[in-house]
Amino acid sequence: MTTAQIPATFRTKQLTPYVGYIRVSTWKEEKISPELQRSAILDWAKRNGAEITEWIEDLDTTGRNFKRKIMRAIEIVEKGREKGIAVWRYSRFGRDRAGNAINLARVESIGGQLVSATEPVDATTAIGRFQRGMILEFAAFESDRIGEAWAETHQHRRAQGLPATGRPRFGYIWHRRWNPRTETLQEEKYEPHPEVGPIVAELYRRYTHATKPQGFSVLCGWLNSLGYRTTRGTLWSTPTLTRYMDSGFAAGLLRIHDDECKCNGRKTNGTCPNYFLVQGAHEELVDWDLWQKYRARRKEVQNTPPRARNTLYELTGLVRHGTCRRGTSMTTARWKTTDGAWINKPGYAYRCTQRAQSGGTTCEALWITRTEVEREVEDWLKREAAPGIDAAPPAEDTDEPQVDERAVAKQARARLQAEYESAEAALTRLIMDANDHPEKYPPGAFERARDTYLERQANIKRQLEKLVDVEETPKRSDFERLIVGVAEEWKTLTTTERNAMLKQLIRRVALVRRKDENGEPIPGAEGVEVRVHPLWEPDPWEPAPICRGPFGTVTPGLWLSAELWTRPDTWEQIPPR
């Protein structure tokens, strides 16, 4: 009997291999159990002569992006191991329009298929592809609708001074809205943990220590060795601790993404720069001064090259070339002894890094010994700490008002913060009222009112950002005790301690080429002038802003009103029309 004569009942049919994909949504109403999805996919496989050769599961995972295990299923199909991907419903594949189109094209371009166990659609026909497209579009619509609902919820929570998402926070006891013990509703709040709260404050103190600051990796080791874990029960890592401390939650602040930014924070992995801080309703674990010291140190570290963060010399990370205003590097001196042996002395002199990297074709030559620069900086420090250096002649009587810029900025910040919170609360009331009584609002009225509040908030945020720099501008008196103390203990300090102290006093050490009476550069180390730029003086390398007259054309939020009267040197005369 030939193969063609064998009855169909006894013939062995080869099953088509598929990858079974299961995704459990983060949305409560769509949390279909993995067992239910697996059972439906297996039933489909039996009906259609297929077999599931491998299962891939994404539990408690959103479908709004493709940073999921579904990408491994797509790679399996692309390698030709399986025919396609079987899902419970098409919405399990994804809810992102662009992601669905791109990844579905990857599967079908090599002859693969995406099939739904509960939606009988033949995607090999035109009408079938149309039906599948409608199903996927409806899934994306549902995702957008849910996202808008969550955005309104987050806005409502922020108006109450709560973080957008309610979850435990390190250093706090979270009293959630629903009390499972009494099965009643209660006020949601974050209360400082009596034991963990002081540990959080110690983290900031160790990071901003004056002479021996500790980095995030050292702090992670300290936390893990003491047995402290994250709110998810895992070991602390550098990225996790960095995000936690940068969030400002321990300082009583909330980190909020700008509503006008369209990047979608999830798709940028939280690296979007359009975030700002507002006051929260919870009690702070870190006082405001310590938080400002932390921000200043973070900014300093971010602006310091990685190699300069490990101190080798007193002026590591501080010396700049005055011509190109870029960094400097060290040269190694090498000489031969009387017995013929060669001796190398690294870190002997400073040179322009840009010129060295370009083979001497850019910038001008710079060479000065390290010891000479360090001696000039030490002499500057002694002059600043010398007795009577702060004695100033009696001030002349003047009718001009003397304004403390930082005090004015602090008051303006408090006022703007109150205005922002008021606008936030008004916007929340507007949304809730429109939802309860939509008949009160003619077509377009709600949108115009909403946009007005949003524009008001955006203007306040821009003004708050301008005030931060004014509040943080230091004064000479803020450094007096530190200058005198460093000068007195200079000989006893180590190289690392000297470098740490100097970074708290000076902005940079500029090596500037002197010129003779004819305007020609003076060659050699004798022609190099060491200039120290302290933190309490205006940065000479920063472009000065221009105040366009005392009354009219100033950019809103850029200048305080007091400055328009007390700093006439910055006025720009506008020619008459």
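I take two strands as paired if DSSP finds at least two bridges between them. Strands (E, at least two residues) and helices (H or I, at least four) are DSSP runs, numbered from the N terminus.

I note that this is a predicted model, in which local features need pLDDT of at least 70, side-chain atom pairs count only at pLDDT 80 or more, and totals for chains, interfaces and linings use all residues. Residues are numbered from 1 along each chain as its sequence is written, and side-chain values use heavy atoms, with hydrogens and water left out.

**Sheet.** I looked up an open sheet of three strands, ordered β12-β13-β14, with antiparallel pairing. β12 (328-336) and β14 (368-369) are the edge strands, each with a single partner, so one side of each has no neighbour in the sheet. Eight bridges join β12 to β13 (residues 342-352) in the antiparallel sense. I found K345 in β13 as the bridge partner of A333.

**Cysteines.** I found zero disulfides in the structure, taking a disulfide as a pair of cysteine sulfur atoms within 2.5 Å. For C324 the closest cysteine sulfur is that of C352, at 3.7 Å, too far for a bond. The sulfur of C363 also has C352 as its closest, at 3.8 Å, again too far for a bond.

**Helices.** I then turned to α11 (residues 370-385) and α14 (residues 480-489), whose axes come within 9 Å and cross at roughly 125°. The axes are lines fitted to C-alpha atoms over the stretch in contact, with angles from 0 to 180 degrees between N-to-C directions. In contact (heavy atoms within 4.5 Å), L381, E384 and A385 of α11 meet I483, V484, V486 and A487 of α14.
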